[in-house]
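These are my notebook entries on one protein chain.

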Amino acid sequence: MAEQTTVAAATDSPLKRPREGDENGAAAFETNANISSVIPGWFSEISPMWPGEAHSLKVEKILFQGKSEYQDVMVFQSATYGKVLVLDGVIQLTERDECAYQEMITHLPLCSIPNPKKVLVVGGGDGGVLREVARHTSIEHIDICEIDKMVVDVSKEFFPDVAVGYDDPRVNLHIGDGVAFLKAAPEGSYDAVIVDSSDPIGPAQELFEKPFFESVAKALRPGGVVCTQAESIWLHMDIIEDIVANCCQVFKGSVNYAWTTVPTYPSGVIGFMLCSTEGPKVDFKNPVNPIDAIDKQSKSVGPLKFYNKEIHSAAFCLPSFAKKVIEAKAAK
């Protein structure tokens, strides 16, 4: 069938390891956690983390399918969101809306402190956070620790406008376990740590637990900041409550929850936990390090598409149901 033809035609890259579809051109990823599939022309994201619902994108062509040591990896060309990166059946980014996530998870913390110089990115193998970190001219050194080299390689091949962050000479790539990397980091090494993790299942589970946050706090200088992916207020308030509780115990500066809209993520929104260590006060809601003027100099990566100082402050305005729960948990 037509879909089988497009899958077969996508085998010329040395990275590609396509799997056969069924007689209708179906291809599927099956893991213990979820089953998300491509069935005649559509990808549907199905997971027990968002039971009873699924978001679907029309598939024009499957570009890559492979299995790394850690997870299933797929890239497909969608009809409406450009190319799409999928890990273990879960959408990680699309060309159309990745800016809403990458820009916010990066500039919410980095615009909240003056003159950040040394930054660590945990996860983020696609390179999008690196691209955004590199906009800040004060930064002198960027470490990234990504566990899965296949994600890096696939992103460089299929998402060059995202993976352009790897081209910055300040970037140092470490392939390995982010938990172990942070444990080994000297105390007070970083001005900011950005944790661009997938959902808390599989290899990302440890990135949501208290010992990991303790390692982050140790690696930050006084008044240093962390921003970590913190799930959806519509789907995961129980997970968010645990993250808030852990962060309030670990971080003695400021602890805040913010959110942004990403249409292709479950429920269309995703949140961030922003915390600072004891030291110079950090007011996350009022940025002190504006990126707008700097951004005009960022010719190699193009202008900002989503972030601005107004949306920075607005990101901390929570709907009443979420505000009530998060403030109650933070007060304990």
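**Entry 1: basis.** I worked on a predicted model, in which local features need pLDDT of at least 70, side-chain atom pairs count only at pLDDT 80 or more, and totals for chains, interfaces and linings use all residues. Residues are numbered from 1 along each chain as its sequence is written, and side-chain values use heavy atoms, with hydrogens and water left out.

**Entry 2: whole chain.** I found 11 helices and 14 strands in the protein chain; these are DSSP runs numbered from the N terminus, helices being H or I of at least four residues and strands E of at least two. Of the 332 residues, 58% are buried (buried is under 20% relative accessible area, exposed over 50%, partly exposed in between, with a 1.4 Å probe and protein chains only). I noted an accessible surface of about 13900 Å², 53% of it belonging to carbon and sulfur atoms; the areas come from the Shrake-Rupley method with a 1.4 Å probe, and for residues only the protein chains shown count as cover. Among contacts (heavy atoms within 4.5 Å) between residues at least 6 apart in sequence, 67% join residues at least 24 apart.

Entry 3: Asp196 lies in strand β11, residues 190–196. Its relative accessibility is 10%, so Asp196 counts as buried. Beyond four places in sequence, its contacts include Tyr101, Gln102, Gly124 and Asp126. The side chains of Asp196 and Tyr101 are joined by a polar contact of 2.6 Å (a pair of N or O atoms within 3.5 Å; within protein, one must be able to donate a hydrogen and the other to accept it, and residues adjacent in sequence count only if both atoms are side-chain atoms).

**Entry 4: Asp126.** I followed the contact from Asp196 to Asp126, which sits in the loop between β8 (118–123) and α3 (128–133). Asp126 counts as buried because its relative accessibility is 8%. Its side chain makes a polar contact of 3.1 Å with that of Gln102 and reaches the backbone nitrogen of Gly128 at 2.8 Å. Asp126 and Val151 are 25 residues apart in sequence, yet their C-alpha atoms are 6.3 Å apart.

**Entry 5: Glu95.** I placed Glu95 in the loop between β7 (90–94) and α2 (98–110). At 33% relative accessibility, Glu95 counts as partly exposed. The side chain of Glu95 reaches the backbone nitrogen of Lys83 at 2.7 Å.

Entry 6: The buried residues of α8 pack against α7 (210–219), β13 (255–261), β14 (269–276) and α11 (320–331).

For α11, I listed Ala322, Ile326 and Lys329 as buried. Down the axis of α11 these fall within an arc of 65 degrees, so they line one face of the helix; the arc is that of the directions from the helix axis to the C-beta atoms. The face turned away carries the exposed residues Ser320, Lys324 and Ala331. The buried residues of α11 pack against α8 and β13.
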